[in-house]
Amino acid sequence: MGREEVWAKWEKERPKAENAIWDWAPGYELIPEVDVPIHHSLFLDGTHSCPPMDHFSAYEYWARGCAHGMKYVDSLLSMPRSEGHEGRVKDGAIYWIYYIIRDEKEIREREAKFKEALKPFLEDFDGIWEKNKQELQRIYQKLLDFNPEKARNIDYIRLHWDCMESIFRVWEIHFIGMHTSYAAWVLLEEECKKRFGLDDKSEDFQDMFRGFDNEIYRVDKEMWELAKIASEMGLSEVFKEKSGEELASELQLTNKGKEWWQKFMDFLRVRGWRSISSISIADPYWLEVPSVPLEKIRGFIVRGEVSRKDYILDERRKEIAKRREAAINKLMEKIPDAEKAWFRSLINLAQKASSYSEEHDYFCEMMHCAVLRRSYLCIGKWLAENGCIDRPEDVIFLVSPEIEMCILVPRQNDMRWITRRRRAQWEQWRARFAKEGEFRPPVYTDRANIQEAVALDLLPSMHPVFIKIVVGELPTVSAEEIGADIVGICGCPGVAEGRARVILRYQDLDQLQPGEILVCPQTNPEWTPAFGIAAGIIANRGGTLSHAAIIAREYNVPTIVNTFVACEKIKTGQRIRMDASKGAIYILDKEQ
């Protein structure tokens, strides 16, 4: 019986072995009946699970890799109240179990060790990060040196092992910078709350952490400069009339177009190893789809931003820098002289949280996902050419043991019975997400409600990454208490009113009109252009150190995060008012 006949037979009969447990995430699949009684609460990572992930990314990159990095760095730094988190996967989402230390004696012992571990970062965070970036570049270059034209089967298995090793090491580096800078933020907030009643949702606190450059902003500025060059070369009309996908061929029709295209390719050779997401190797990178950065460049021209003398963030940063220094001085005036040096060093390290949040996205996630995708597409091509899977992209529906099993002798293996089923499953998840928004519960728990789950199984960790990004804090008041329709937490203070524009995918950002309020699941660097257009930002998920909150503070755009339900309750075209300082959202024309 041929392979296609075997597949047809399986499709028809759907054979099952009674004791078979082999599926896509052995040991990591969320089974409520098993996991909830043991761990009490498993929290949806809404920041990194939108849209639903492919099987390889959810299992290898997040459940295994991210969880390893978190546990490793919590141990390395002796985080006082946390031993890290463990991942479970369900419906293309990652759920986290938080390992909380509750013994007070152990907490005190770890606190002393943590303070010692923090000292080098207080003294030279930038120097440590620079060394780590150099290591990341070496890791990525090793993977990029793989040449599929000369590769044998044994080279492919080594490439896979190198990829897996990179996943674990990059996550370690990722969390070293994050834990230290974010921990300083949380420590400073705790001191400010105790002494002055000031938390990190307040404008005075947030102002201390605005106006810092980073690699993501520098790339954005380089694209603005390319747009400005295109305008000066007389190419504006071409960019306005053609889409990003059409520009590649259209620009080849004139000498000026060819000249500009060469400048763009020079940019892409340096910046092209950037995934369009920071969560999944299912998503392409800029070198694969130049239309993505081209569309961003086109946007600068269409919106008229090329007429500016200076880049928008450079303009706004001048004023923000003044506000930052004023906010710091205001706080430092309240601090006793004996504590000023300590407070100032804590502020300096906490300020790294804003820039590191974006830089780690670029170096640890977007570049890594791009390089991993290129590597696994090479492996996928090898498997597809030998009849093991249907097409190279289907490799993302296999996990490490399955890849290792078939990679040396792919012609003797047929994994299509797995990849076809999982592709269909993944496409179903994404289609449902696009239609319904977030359909997965925010928590699996045996606690009375999500508030109790957060209070008992998250907040005692005092972990900055858990609380400020992944799950985010819950609003301290209900919508009913303040007369609002929806409530979240303040990402950036301010008031805005306008028409809502609900967008679930960054690819649809061209629908956003100036002055509208963007309503979205969450954001990553691909969403950044929206912050220069929207009157306000409302996100289903995120915390005060999430991408949406940090970028909003740089653009000074009122932003509310962690609403959980905004994308589902607000409809495009409805007029809404938001008071970000209160986390309050008012739908002004509910009849629409």
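**Note on the predicted model: selected loops and helix contacts**

1. Asn524 lies in the loop that joins β8 (517–520) to β9 (536–539). The structure under review is a predicted model, and the points below should be read accordingly. Asn524 has a relative accessibility of 11% and therefore counts as buried, the cut-off for that class being under 20% relative accessible area. Setting aside residues up to four places away in sequence, Asn524 touches Ile276, Ser277, Ser278 and His547.

2. Cys369 is part of helix α13, which covers residues 337–385. With a relative accessibility of 0%, Cys369 is classed as buried. Its contacts, again without residues up to four places away in sequence, are Tyr61, Ser275, Ser278, Ile279, Ser280 and Ile281.

3. His48 sits in the loop between β1 (41–44) and α3. The relative accessibility of His48 is 12%, so this residue too is counted as buried. The side chain of His48 forms a polar contact with the side chain of Asp45, at 2.9 Å. Beyond the neighbours within four places in sequence, His48 is in contact with Met53, Trp62 and Ile279.

4. The peptide bond leading from Cys50 to Pro51 is cis, and its omega is near -5°.

5. His40, in the loop between α2 (32–39) and β1, has a positive phi of about 75°. The relative accessible area of His40 is 30%, and His40 is therefore partly exposed. Ser78, in the loop between α3 and β2 (82–90), likewise has a positive phi, of about 55°. Ser78 has a relative accessible area of 12% and so is buried.

6. Helix α3 (residues 55–77) meets helix α5 (residues 153–196) with axes that come within 8 Å and cross at roughly 50°. The two helices are therefore oblique to each other. The crossing of α3 past α5 is right-handed. Sorted by class, the residues in this contact comprise 15 nonpolar, five polar and four charged.

7. Helix α10 (residues 255–271) packs against helix α11 (residues 291–302) at an angle of about 120°, and the axes are 12 Å apart. This angle makes α10 oblique to α11. Their crossing is right-handed. On the α10 side the contact is made by Trp260, Trp261, Phe264, Phe267 and Leu268, and on the α11 side by Pro293, Leu294 and Ile297. By class, the contact of α10 with α11 consists of eight nonpolar residues, with no polar and no charged ones.

Key: Residues numbered from 1 in each chain as written. Predicted model: local features only at pLDDT ≥ 70, side-chain atom pairs only at ≥ 80, totals over all residues. Heavy atoms only, no water. Axes fitted to C-alpha atoms, helices over the stretch in contact; angles between N-to-C directions. Helix = DSSP H or I, 4+ residues; strand = E, 2+ residues; numbered from the N terminus. Parallel < 35°, antiparallel > 145°, perpendicular 65-115°, else oblique. Left-handed = near helix turned anticlockwise from the far one by under 90°. Nonpolar A, V, L, I, M, F, W, Y, C, P; charged D, E, K, R; others polar. Buried < 20%, exposed > 50% of the residue type's maximum accessible area, 1.4 Å probe, protein only. Polar contact = N/O pair within 3.5 Å; in protein donor to acceptor, adjacent residues only side chain to side chain. Contact = heavy atoms within 4.5 Å.
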